[in-house]
Amino acid sequence: MTFYITSNGYLLTDKIVEFLYKHDVMLTISLDGLKEIHDSNRKLALNNGGTFDNVIKNVMNIENNFPQYINNIFLNAL
């Protein structure tokens, strides 16, 4: 059975990615467009900073360290 989830991608640690891969979870990561647009819509409560750079870093980490899982990830950009 395949599961589907949508995430903002901000908290995708290696441990979480391993779990998603092990349990055959298809992942959609939401992006609101280019960095400036995304960061103007998605701010951290802690420091009012944007999340774009961290989300992209997490996607690149998956591509580099979990190449078998990258094809299970979709980016939903508005």
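Asp-39 has its place in helix α2, which covers residues 35-41; helices here are DSSP runs of H or I with at least four residues, strands are runs of E with at least two, and both are numbered from the N terminus. The model is a predicted one, in which local features need pLDDT of at least 70 and side-chain atom pairs count only at pLDDT 80 or more, while totals for chains, interfaces and linings use all residues. Residues are numbered from 1 along each chain as its sequence is written, and side-chain values use heavy atoms, with hydrogens and water left out.

Asp-39 counts as buried because its relative accessibility is 13%, where buried means under 20% relative accessible area, exposed over 50%, and partly exposed in between, with a 1.4 Å probe and protein chains only. Leaving aside residues up to four places away in sequence, Asp-39 touches Gly-50, Thr-51 and Phe-52, a contact being heavy atoms within 4.5 Å. A polar atom of the Asp-39 side chain lies 3.0 Å from the backbone nitrogen of Thr-51. The C-alpha atoms of Asp-39 and Gly-49, which are ten residues apart along the chain, are separated by 7.4 Å.

Strand β2 is itself largely enclosed by the rest of the structure, because six of its seven residues are buried. The chain reaches β2 from β1 through α1, in a β-α-β crossover that is right-handed, that is, with the strands pointing away from the viewer, the path from the first strand over the helix to the second runs clockwise. Strand β1, residues 3-7, pairs with β2 in the parallel sense over five bridges, pairing being assigned if DSSP finds at least two bridges between two strands. Tyr-4 has Met-26 in β2 as its bridge partner. Five bridges also join β2 to β3, and these strands run parallel, with Leu-75 in β3 as the bridge partner of Ile-29.

Ser-30 also has its place in β2 and is buried, with a relative accessible area of 13%. Beyond residues up to four places away in sequence, Ser-30 touches Thr-6, Ser-7, Asn-8, His-38, Arg-42 and Asn-76.

Notes:
Polar contact = N/O pair within 3.5 Å; in protein donor to acceptor, adjacent residues only side chain to side chain.
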